[in-house]
Amino acid sequence: QVQVAESGGGLVQPGGSLRLSCKSPRTITSVFSTSDMAWYRQAPGKEREPVAAITSGGIINYSDSVKGRFTISKDNTRKMVYLQMDNLKPEDTAVYYCSRKERNGPMYWGQGTRVTVSS
């Protein structure tokens, strides 16, 4: 069963924007609302790295490389997490993964969505 699924990737020019979405359709709303969510990315030939995270209490953190350009948000009613990416740079090119960590439970990963920033 798919626990987490990303969408919204694509090809965009430098300076452009994309909005990634992450859904958890099979998760009970109460479980989703108490889950910590995060976006990671993995560029070709590199390790997977954290990009942005939002806790169940609404605490948000960003990596230094995306701070001021990316915005993470969470909609508990729709069981969705978003990553708004603005002023994209070629170095943002990567496969972006969504993760969901349940309170006192496992962490789930999506299959990833590819983002390519190129002119």
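Predicted model: local features only at pLDDT ≥ 70, side-chain atom pairs only at ≥ 80, totals over all residues.
**Entry 1**

I then looked up the two strands as a pair. Strand E7 covers residues 70–75 and strand E8 covers residues 80–85. Six bridges join them, and they run antiparallel. Another position I checked was Ser73, which stands opposite Tyr82 in E8.

E7 and E8 form a hairpin with four residues between the strands. In this hairpin I looked at Lys79, which takes a positive phi near 55 degrees.

**Entry 2: the sheet around them**

Which strands make up the open sheet, and in what order? I found four strands in the order E1-E3-E8-E7, with antiparallel pairing. The edge strands are E1 and E7, since each pairs on one side only. On average, neighbouring strands of this sheet are turned by 15 degrees against each other, direction ignored.

I reminded myself that strands of a sheet pair through backbone hydrogen bonds, either parallel or antiparallel.

I went through the remaining pairings. E1 and E3 run antiparallel and are joined by three bridges. Here Ser7 stands opposite Ser21 in E3. E3 also pairs with E8 in the antiparallel sense, over six bridges. On that side, Ser21 stands opposite Tyr82 in E8. Reading across the sheet, I can go from Ser7 to Ser21, from Ser21 to Tyr82, and from Tyr82 to Ser73.

**Entry 3: the disulfide**

How many disulfides does the structure hold? I found one. It joins Cys22 to Cys98, with an S to S distance of 2.0 Å. The angle about the S-S bond is -80 degrees, and the link is left-handed.

I looked up where the two cysteines sit. Cys22 is in strand E3 (residues 18–23) and Cys98 is in strand E9 (residues 94–101). They are 76 residues apart, and the pair links distant parts of the chain. Both Cys22 and Cys98 are buried.

**Entry 4: salt bridges**

I counted the salt bridges next and got six for the structure. I wrote down three of them.

Asp75 came up again, this time through its side chain. The side chains of Asp75 and Arg78 meet in a salt bridge, at 2.9 Å from N to O. Are these two residues buried or exposed? Asp75 has a relative accessible area of 18%, so it is buried, the cut-off being under 20%. Arg78 stands at 57%, so it counts as exposed, the cut-off being over 50%.

I also noted a network: salt bridges that share partners join Arg41, Glu49, Arg69 and Asp92. Within it I looked at the bridge between Arg41 and Glu49, where the closest N and O atoms are 2.8 Å apart. Arg41 counts as buried, at 5% relative accessibility. Glu49 is partly exposed, with a relative accessible area of 33%.

Asp64 is exposed, with a relative accessible area of 66%.

**Entry 5: Gln3**

I turned to Gln3, which lies in the segment before strand E1 (5–7). Its relative accessible area is 18%, so Gln3 is buried. The side chain of Gln3 makes a polar contact with the side chain of Arg100, at 3.0 Å.

What else does Gln3 touch, leaving aside its neighbours within four places in sequence? The residues in contact with Gln3 are Lys23, Ser24, Pro25, Thr27, Arg100 and Tyr108.

**Entry 6: Gly110**

Where does Gly110 lie? Gly110 is in the loop between strand E10 (107–109) and strand E11 (113–117). At 8% relative accessibility, Gly110 counts as buried.

Leaving aside its neighbours within four places in sequence, Gly110 is in contact with Val4, Glu6, Tyr97 and Cys98. Of these, Cys98 is already in my notes as the disulfide partner of Cys22. Gly110 and Arg100 are 10 residues apart in sequence and 8.8 Å apart in space, C-alpha to C-alpha.

Note on methods. Residues numbered from 1 in each chain as written. Heavy atoms only, no water. Buried < 20%, exposed > 50% of the residue type's maximum accessible area, 1.4 Å probe, protein only. Polar contact = N/O pair within 3.5 Å; in protein donor to acceptor, adjacent residues only side chain to side chain. Contact = heavy atoms within 4.5 Å. Salt bridge = Lys/Arg side-chain N within 4 Å of Asp/Glu carboxyl O. Disulfide = S-S within 2.5 Å. Pairing = 2+ DSSP bridges. Axes fitted to C-alpha atoms, helices over the stretch in contact; angles between N-to-C directions.
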